[in-house]
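Reader: I would like to learn how to read a structure of this kind, going slowly from one feature to the next. Could you take me through it?
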Amino acid sequence: MLEIVTFSLLNGVVYGLLLFMVSSGLTLIFSLMGVLNFAHASMFMLGAYFSYQLGRWIGFWPALVIAPLLVGAIGAAVERYGLRHVHRQGHVAEILFTFGLAYLIVEAVVMGWGRNPIENRVPAVIDFPAFQLFGTSYPAYKALMMAISVGMFAFLYLAFRRTRVGLIIRAALSHPEMVSALGHDVPRIFVLVFAIGSALAGLAGVIGGFALLTEPNMAAALGPIVFVVVVVGGLGSISGAFIASMLIGIVQTFAVALDYSLLDLFNVLRVSLGRDSPFYELAAVKIAQAAPLIPYLLLVAMLIVRPRGLLGTREA
Amino acid sequence: MSSASPGSGSSQRGRLRRWASQQRAWLIAIAILIVLPHVPGLDGNFGRSLLSQMGIAAVFALSYNLLLGQTGLLSFGHAVYFGLGGYAAIHLMRAINGGLAIPMPLVPIAGAGAGLFFGMLFGALTTRRAGVVFALISLGIGELVFAAMRILQGFSGGEEGITANRGLGPHPFGLTLGPQLQVYYVIAFWSILSAALMAAFLRTPVGRMCNAVRDNPERAAFIGYDPVRVRFVAFSVAAMFAGLAGGLHALNYEIVAAEAVGAGRSGAVLLMAYIGGVHHFFGAVLGAITITWLQVSLSDYTTAWQLYLGLFFMAAVLFAPGGLSGLLSMHRPILRTRAFLDVLKTYAIAAVPMLIAAVGAIMLLEMNYRRATQPDAGARIRLFALDLDTSTPWPWLAAILLLAIGALLFRRTRPLVERAWERAGAEARSAGASSEAAG
Amino acid sequence: MSEAHESARSMLQLCDLHKRFGATPIIRGVSLDIREGERHAIIGPNGAGKSTLFNLISGLFSPSSGSIRLAGETIEGLAPFEIHRRGLARSFQVTNIFSRLSVYENIRCSVLWSLGYRYSFRHDVSKLRDANERTDRVLEQIGLAARRDVRAGILTYAEQRALEIGITIAGDARVILLDEPTAGMSRAEAARAVELIRSISSGRTLVIVEHDMGVVFDLADRISVLVYGEIVATDAPARIRENPTVQAAYLGTSLHA
């Protein structure tokens with residue numbers, strides 16, 4: 001029992017950190033530019049594919065560094081050459097642009113690597129047990145994922161708080177006109193933030209590509225969950241995104257381990273539910289089966305109880 | 001048009017004639033719908049099937065435009081109401097198959113009812129916010145319902161879906177719904193009725209306020225209307241008609257599966273409404289017809305048809321945000337000018353390099369796509385009635401060359417088009433023909 | 001010219017109104033009693049909080065403390081649409097119209113609620129005689145009858161300002177708040193606007209924020225001076241002119257327009 005709890009907790013934390021890595025980039029972009037980047041999860045997918053391909057050519061460790069940079073460059077290009085032309089048409093047009101972009105990126109990936117999941121196996125160099133807990137070993141690559149996530153956040157935190165560029169970006173987050181009036185190139189800052197956000201998602205893709213299936217559908221699988229994180233955490237709040245990510249990551253991971261259903265509860269309470277009752281099917285659903293629903297149930301609950309989200313600041 | 005002549009009989013006729021001339025467009029549309037399935041080329045099973053599909057898509061897209069174009073609400077989960085309406089309809093069909101004495105043509109009403117119910121249910125939650133948050137929430141609810149449908153297999157049949165027989169039930173007036181022609185007419189009836197009802201809705205006080213809330217929700221509040229309530233009404237009505245479309249879908253295909261509530265279908269209707277044009281009521285119909293036709297016909301020629309649709313969509317977002325109907329109505333002010341013919345001529349001239357570039361681009365895309373998705377099919381590919389060997393560099397070089405030449409030449413022809421437009425615009429303005437009518 | 005309505009009942013009453021944004025107080029204890037039928041102007045230097053005051057009254061913000069009463073009824077904390085339904089309408093300093101609707105539609109939407117149509121499904125607006133008649137009348141009043149089918153977004157600036165006023169008065173509200181209605185207008189346009197304001201405010205209570213002193217002294221029965229979120233004086237125009245506190249607040253600005 002304790003074993004299940006501990007491992008679920010560990011895995012939940014890893015998953016939550018992954019979600020946070022992707023959603024923090026999204027929140028950053030949204031806070032600064034008001035753009036909801038539908039293609040953000042696509043950057044995650046590109047990170048996975050690039051690291052796979054680069055890994056085959058130049059090895060894992062260089063790929064770990066280069067793939068996110070490549071994705072960041074693509075993000076910068078998207079903002080500079082695509083999104084910038086759509087800004088003046090309003091937020092709806094911006095969202096639709098990124099929506100179409102996400103679609104096209106999937107097709108580009110299919111053209112590059114085909115429709116089937118690719119063999120993105122954990123590289124041998126990190127494929128060993130990191131430590132033993134309760135007699136079961138915990139894989140090193142997951143520990144590495146955790147380490148990379150935490151390291152990236154520490155680096156970003158310091159960069160934003162201690163460097164001049166970080167200061168300018170933070171100022172532009174709340175007062176873009178003032179920052180522009182002070183002589184800083186706000187469009188350049190937009191490009192930079194878009195690049196950073198995309199690179200973050202790309203890095204998440206590099207390490208997430210091992211844990212999750214690397215296939216053209218992975219962006220569409222992760223994207224909605226990331227959006228839920230952002231709404232539940234509260235638009236524009238990075239701390240909110242963190243809490244929501246960890247919440248969803250841990251709860252969903254725990255749920256997958258729980259093989260119980262309402263029916264089991266009824267049996268324990270000695271309540272009987274006939275097989276032909278219309279609710280039988282609903283009650284027979286196991287929590288593990290319903291796990292994919294959890295983020296969205298959380299979304300609905302949040303909408304009812306606290307529409308602003310946990311720590312919402314910026315309104316649409 | 002008609003004069004009110006003395007005598008009650010002729011003034012009644014006068015009123016009828018006045019009404020008919022006002023509703024000219026609708027009457028013409030009805031006439032076209034009646035005649036279409038008998039037009040040569042469309043009078044086979046395939047043609048009538050296609051028309052049926054277009055009818056369903058048109059209702060769905062119109063309902064979506066009620067949200068986006070008329071109320072300013074961008075939804076990524078509209079298929080929820082389409083699919084749930086479809087499920088309600090298919091279960092009703094099964095009940096009819098089992099002996100319930102309701103004629104099949106009335107089944108879409110169940111779809112509408114389910115759409116309305118769930119629209120009000122989810123709408124109460126989601127319309128409190130607008131803009132980006134609304135879009136995200138609609139996505140979340142779409143995923144929720146899709147996942148739920150996959151889990152609740154008894155109700156939804158999961159990925160495989162639920163089936164029914166549209167021919168098995170009471171046959172009023174000999175209507176068996178066996179032949180596709182009969183199904184088409186049922187669909188056409190519901191489609192034109194839905195369109196008329198939606199147009200009528202937009203003329204009601206709350207319908208007008210939908211437009212106002214779209215343009216300026218803050219000001220709408222300051223003239224006495226709760227923007228949240230207006231959005232809720234729009235959402236519920238849109239969901240109802242989406243459900244009706246789902247009911248038509250159930251009738252037509254006799255099967256409803258989880259994909260009917262899925263993200264793909266939500267994306268498809270967004271594509272249709274946007275490419276058709278969100279600024280005009282008719283745009284959604286145009287988009288539905290175009291995209292349905294593309295989906296059906298392109299997939300015969302290429303496996304990359306989704307890619308082409310995506311490119312089409314991006315082109316609309318970047319270059320033609322008003323969609324097809326926007327492009328068409330853009331020409332209205334210059335229609336009567338003499339320079340209009342010149343404009344058309346420059347279009348023809350510019351079309352040539354555009355086609356050349358398109359051929360090159362298509363070659364590249366197709367060759368790449370084939371290589372990536374069907375590696376076992378070999379290196380030979382049949383494009384534009386030519387056999388090409390993609391393992392050699394020649395087809396690739398030819399494609400790149402065509403693309404480059406076409407793009408460069410197109411660049412040169414663009415000023416021609418622009419100048420023709422300037423002349424036409426100036427002529428229209430001086431003729432006073434360009435009084436900007438309300439959108 | 002209307003006289004001081006000393007005995008008329010209180011139409012709009014602000015009691016010790018405070019508004020803070022974060023830690024910054026913007027409105028610091030404003031009390032005002034505006035009588036029925038009065039034309040009351042609020043003037044003050046930039047940043048005094050005049051627009052914030054309007055936003056408080058019309059429901060865009062909630063006061064941090066204090067109360068607002070409309071004809072005796074408490075309205076602070078209510079949503080803008082609820083306040084409008086009780087008979088208070090406002091215009092905006094930055095033109096706030098329905099840009100994609102025609103001029104006619106702009107006005108017609110503004111008359112709908114007051115005529116009782118609410119969220120009706122059953123009526124076709126083009127056939128509503130009372131709505132269309134009232135719309136035609138308002139269009140005549142604001143001088144835009146000739147431009148009725150033009151899309152509001154492409155009107156000239158002065159036309160948009162006129163439409164802004166039109167939307168505000170179309171609902172037949174008993175209290176009208178006008179936020180710098182003549183901003184950006186030439187002398188001639190402003191004079192026309194003043195005549196319009198005079199005609200639409202007869203029989204109604206008018207509260208107007210203005211910078212143009214000529215307009216203020218021409219129209220107002222009483223003037224309140226708002227400085228740094230506080231009312232420093234409320235009086236008849238002539239006495240305001242001579243008030244030393246007011247003159248100090250407007251140091252350098254001529255009050256003799």
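Predicted model: local features only at pLDDT ≥ 70, side-chain atom pairs only at ≥ 80, totals over all residues.

Reader: Which residues belong to domain 1 and domain 2 of chain B?

Author: The domain assignment of chain B places residues 24-320 in domain 1 and residues 331-430 in domain 2. Where the two meet, four residues of domain 1 of chain B are in contact with four residues of domain 2 of chain B. On the domain 1 side, the residues that touch domain 2 of chain B are two nonpolar and two polar, with no charged ones.

Reader: How should I read the boundary between two chains, and how many residues of chain A are in contact with chain B?

Author: In general, the size of an interface is often given as the accessible area lost when the parts come together. Here we can count residues instead: 41 of chain A are in contact with 34 of chain B. Helix H4 (91-113) of chain A is among the elements that give two or more residues to this side, and H4(A) gives the most, with 14 residues. By class, the side of chain A that touches chain B holds 31 nonpolar, seven polar and three charged residues.

Reader: In what sense do strands E3 and E4 of chain B pair?

Author: As a general idea, side chains in a regular strand alternate between the two faces of the sheet. In this case, E3 (residues 380-383) and E4 (residues 386-389) of chain B pair in the antiparallel sense over four bridges, and B:Arg382 stands opposite B:Asp387 in E4(B). E3(B) and E4(B) form a hairpin with two residues between them, and B:Phe384 in the turn has a positive phi of about 50°.

Note on methods. Residues numbered from 1 in each chain as written. Chains lettered and ligands numbered in written order. Pairing = 2+ DSSP bridges. Domains from an automatic or database assignment. Contact = placed C-beta atoms within 7 Å. Nonpolar A, V, L, I, M, F, W, Y, C, P; charged D, E, K, R; others polar.
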